[in-house]
Amino acid sequence: MTVAWVTGASSGIGEALARRLARGGATVAVSARGAAALETLAAAAPGSLMPVPLDVVDPAACAAAVARIEAELGAIDLAVFNAGTHQPMSAADFSAATLRRLMEINLFGVAHCLEPVLARMASRRRGHIAVVASVAGYGGLPTAVAYGPTKAALINMAESLRLDCERLGIKLQLVDPGFVKTPLTDRNEFPMPFLMPVEDAVDAFVAGLASDRFEIVFPRRFALLLKLLNMLPYGAYFAAVRRMTGK
């Protein structure tokens with residue numbers, strides 16, 4: 001039986017993915033800061049979902065969570081590092097403290113979980129890791145002054161680890177969602193092109209996990225559009241972003 005661990009599992013993509021993996025026969029450890037939400041989630045599938053409350057900012061707690069999961073459920077076969085948050089920020093309200101907070105959660109939160117999982121999988125020479133970043137990491141976008149850099153760093157980190165992980169027998173994938181209707185995107189006060197229902201996003205997520213692709217993206221049209229935009233010279237890029245966002 002597959003043992004999976006999903007962080008950021010109390011809502012949105014993480015919650016829906018955890019449910020889907022459990023329905024597929026996996027035993028899933030679910031982590032987030034909200035213990036009550038995790039207990040509610042676990043009650044929906046007794047025996048298949050195990051709540052493991054965790055603040056990913058705490059490296060010792062992350063190591064302890066991994067040790068607990070493997071002691072109680074067995075070796076982690078699939079780890080999905082999905083915990084993260086977003087706070088709009090622009091030049092008008094630029095704050096180094098906001099940037100630092102998002103880096104601690106979005107980037108170092110993944111690193112804190114990755115370290116103990118990677119070490120254990122490397123010793124077994126098998127395992128599967130999915131790092132959830134975002135298409136916002138492809139290039140600079142208005143109001144993503146803090147969020148975008150955290151996702152760009154995750155993309156670069158996953159790219160840098162990919163070949164090393166292959167040599168260690170570990171399958172490492174990068175997940176770059178676009179706009180998915182979740183409590184996080186509900187905060188956005190601007191038009192969100194190609195906004196995707198969360199269940200459709202999870203369909204694409206699960207299909208990607210079963211594939212050999214390095215990058216799992218959804219919705220694909222939006223990701224392709226942003227990749228093409230980032231191939232343009234800066235003058236053309238900024239003009240296109242200005243037209244798209246009205247900024």
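Let me start with Gly139, which touches Asn230 and Tyr237, leaving aside residues up to four places away in sequence. Keep in mind that this is a predicted model.

Where does Gly139 sit? It is in the loop that runs between β5 (127-132) and α5 (147-167). Its relative accessible area is 17%, so Gly139 counts as buried, the cut-off being under 20%. Lys151 is 12 residues from Gly139 along the chain, and their C-alpha atoms are 9.8 Å apart.

Now to Tyr237, one of the two contacts I named for Gly139. Tyr237 is buried as well, because its relative accessibility is 5%.

Next, the aromatic rings. The count of aromatic pairs is 5. In one of them, Tyr234 and Phe238 have ring centres 5.6 Å apart and planes at 15 degrees, so this pair is stacked. Tyr234 is exposed, at 64% relative accessible area, while Phe238 is partly exposed, at 45%. Phe238 also pairs with Tyr237, this time edge-to-face, with 5.5 Å from centre to centre and 65 degrees between the planes. Through ring pairs, Tyr234, Tyr237 and Phe238 are linked into a cluster.

Last item: the surface. Which residues make the nonpolar patch of about 240 Å²? They are Phe194, Leu225 and Met244. Met244 is in helix α8, residues 234-245, and is partly exposed, with a relative accessible area of 43%.

Note on methods. Residues numbered from 1 in each chain as written. Predicted model: local features only at pLDDT ≥ 70, side-chain atom pairs only at ≥ 80, totals over all residues. Heavy atoms only, no water. Helix = DSSP H or I, 4+ residues; strand = E, 2+ residues; numbered from the N terminus. Buried < 20%, exposed > 50% of the residue type's maximum accessible area, 1.4 Å probe, protein only. Contact = heavy atoms within 4.5 Å. Patch = residues over 30% accessible without salt bridge, like charges linked within 9 Å, V, L, I, M, F, W, Y side chains within 5 Å. Areas by Shrake-Rupley, 256 points an atom, 1.4 Å probe, with all protein chains shown as cover. Salt bridge = Lys/Arg side-chain N within 4 Å of Asp/Glu carboxyl O. Phe/Tyr/Trp six-rings, centres within 6.5 Å; stacked < 30°, edge-to-face > 60°.
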